[in-house]
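Q: Could you take me through the reading of a structure, from single residues up to sheets and helices? I would like the general idea each time, and then the case at hand.

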Amino acid sequence: MNLLTFDSQQKLHESAAGIITGLVQTRPRAVLGLATGGTPVGIYHAMVKSYQRGLVSFRSATTFNLDEYVGLPESHPESYHSYMRNQLFRHIDLPPAQAHIPDGNAADIVAECKRYDRLLEDAGQIDLQLLGLGHNGHIGFNEPAHTLISGTHLVNLQEDTRKANARFFHSIDKVPSRALTMGIGTILKAKTILLVVKGADKAEIVHTALTGPITTQCPASLLQTHPRLVVLLDAEAARLFQ
Ligand code: F6R
């Protein structure tokens with residue numbers, strides 16, 4: 001594991017963006033696994049800036065998002081389809097057909113999970129998977145549980161997760177209670193994993209996940225088993241590593 005700490009948000013964002021754009025520069029057909037939420041916003045902003053400066057092109061890349069809410073229209077401002085369009089996709093030259101997000105409105109959820117896994121398989125291995133970290137140790141929407149699921153599947157979001165995401169909605173009642181998520185097996189199969197964690201409120205969980213027991217009760221703890229894990233932390237999140 002390569003753990004790096006940054007004393008400013010800007011350095012953290014530029015560093016993460018640099019790792020992603022550096023990969024795309026050397027491997028234009030890279031397969032990127034992407035995340036949503038608060039953590040990647042500054043990273044996507046820095047990637048867009050690199051693109052606008054002509055330093056990188058995404059026209060041959062392929063992307064797979066980790067997750068999407070179930071039952072939220074794609075056009076809803078808080079759907080992950082909207083998020084990705086607004087934060088990244090509409091600002092860069094990635095062809096829309098090469099950007100994949102699970103369809104949380106599919107009539108047949110089981111078929112949708114299979115379709116997503118087939119697309120992932122056809123694309124080969126994910127070259128780089130960007131991850132944020134939930135307060136309960138979730139990655140993607142793989143919530144703490146007795147057993148974890150390898151492939152794409154339907155999850156019931158835990159109350160903690162819905163509370164954390166209520167900041168993006170008008171109230172917790174508006175946060176969907178279900179989502180589709182890439183499974184833990186797919187995440188761990190990525191060649192490189194880039195875990196980004198920010199804020200004092202995540203100091204304890206990131207420390208537990210990366211130094212505590214490996215357990216399905218903290219899905220991110222499985223990242224300890226990954227041979228190429230890069231962890232980027234801001235100073236607040238890194239507090240317990242000193
Ligand atoms: C988002 C995702 C989640 C978030 C996590 C942290 O696609 O899969 O695991 O990365 O909930 O969210 P933020 O960054 O909002 O704290």
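This is a predicted model: local features need pLDDT of at least 70, side-chain atom pairs count only at pLDDT 80 or more; totals for chains, interfaces and linings use all residues.

Q: Is V197 buried or exposed, and how does one decide?

A: The idea is to count the C-beta atoms around a residue, which is called buried if 20 or more others lie within 10 Å of its own. V197 is buried because 24 other C-beta atoms lie within 10 Å.

Q: With which residues is V197 in contact, once its neighbours in sequence are set aside?

A: Leaving out the neighbours within four places in sequence, the contacts of V197 are L133, K202, V206, L233 and A237. One of these, L233, is also the bridge partner of V197 in β10.

Q: Which residues of helix α7 are buried, and why do they line one face?

A: The general idea is that an α-helix has 3.6 residues a turn, so residues three or four places apart point the same way. In helix α7, residues 203–211, the buried residues are I205, V206, A209 and L210. Seen down the helix axis they fall within an arc of 115°, so they line one face of α7. Among the elements that cover these buried residues are β9 (192–197) and β10 (229–234).

Q: Which residues of helix α3 are buried, and what covers them?

A: In α3, residues 80–87, the buried residues are Y80, H81, Y83, M84 and Q87. They are on the same side of α3, because the arc that they cover around the axis is only 165°. Their cover includes β2 (31–34), α2 (41–52), β3 (62–65) and β4.

Q: In what order do the three strands of the other open sheet lie, and what is the sense of their pairing?

A: The three strands lie in the order β4-β8-β7, and the pairing is antiparallel. Here β4 (67–69) and β7 (153–156) are the edge strands, each pairing on one side only. On average, neighbouring strands of this sheet are turned by 25° against each other, with direction ignored. Between β7 and β8, residues 178–181, there are four bridges; L154 stands opposite L180, and H153 has T181 as its bridge partner.

Q: Which residues of β7 belong to the covered face, and which to the uncovered one?

A: In a regular strand the side chains alternate between the two faces of the sheet. In β7 the covered face holds H153 and V155, whereas L154 and N156 are on the uncovered face.

Q: Where is F141 found, and with which residues is F141 in contact?

A: F141 is found in the loop between β6 (128–131) and β7, and is buried because 23 other C-beta atoms lie within 10 Å. Apart from neighbours within four places in sequence, F141 is in contact with D67, V155, L157, A179 and T181. F141 and R178 are 37 residues apart along the chain, with their C-alpha atoms separated by 9.5 Å.

Q: Which residues come nearest to the ligand, and how is the shell around the ligand made up by class?

A: There are 14 residues around the ligand, of which T36, G37, G38, T39 and G132 come nearest. By class, the shell has five nonpolar, eight polar and one charged residues.

How values were computed: Residues are numbered from 1 along each chain as its sequence is written. Two strands pair if DSSP finds at least two bridges between them. Helices (H or I, at least four residues) and strands (E, at least two) are DSSP runs, numbered from the N terminus. Axes are lines fitted to C-alpha atoms, for helices over the stretch in contact, and angles run from 0 to 180 degrees between N-to-C directions. A residue is near a molecule or strand if its C-beta atom, placed from the backbone, lies within 6 Å of it. Ala, Val, Leu, Ile, Met, Phe, Trp, Tyr, Cys and Pro count as nonpolar, Asp, Glu, Lys and Arg as charged, and the others, Gly among them, as polar. A residue is buried if 20 or more other C-beta atoms lie within 10 Å of its own, exposed if 12 or fewer, and partly exposed in between; C-beta atoms are placed from the backbone. The arc is that of the directions from the helix axis to the C-beta atoms. Two residues are in contact if their C-beta atoms, placed from the backbone, lie within 7 Å.
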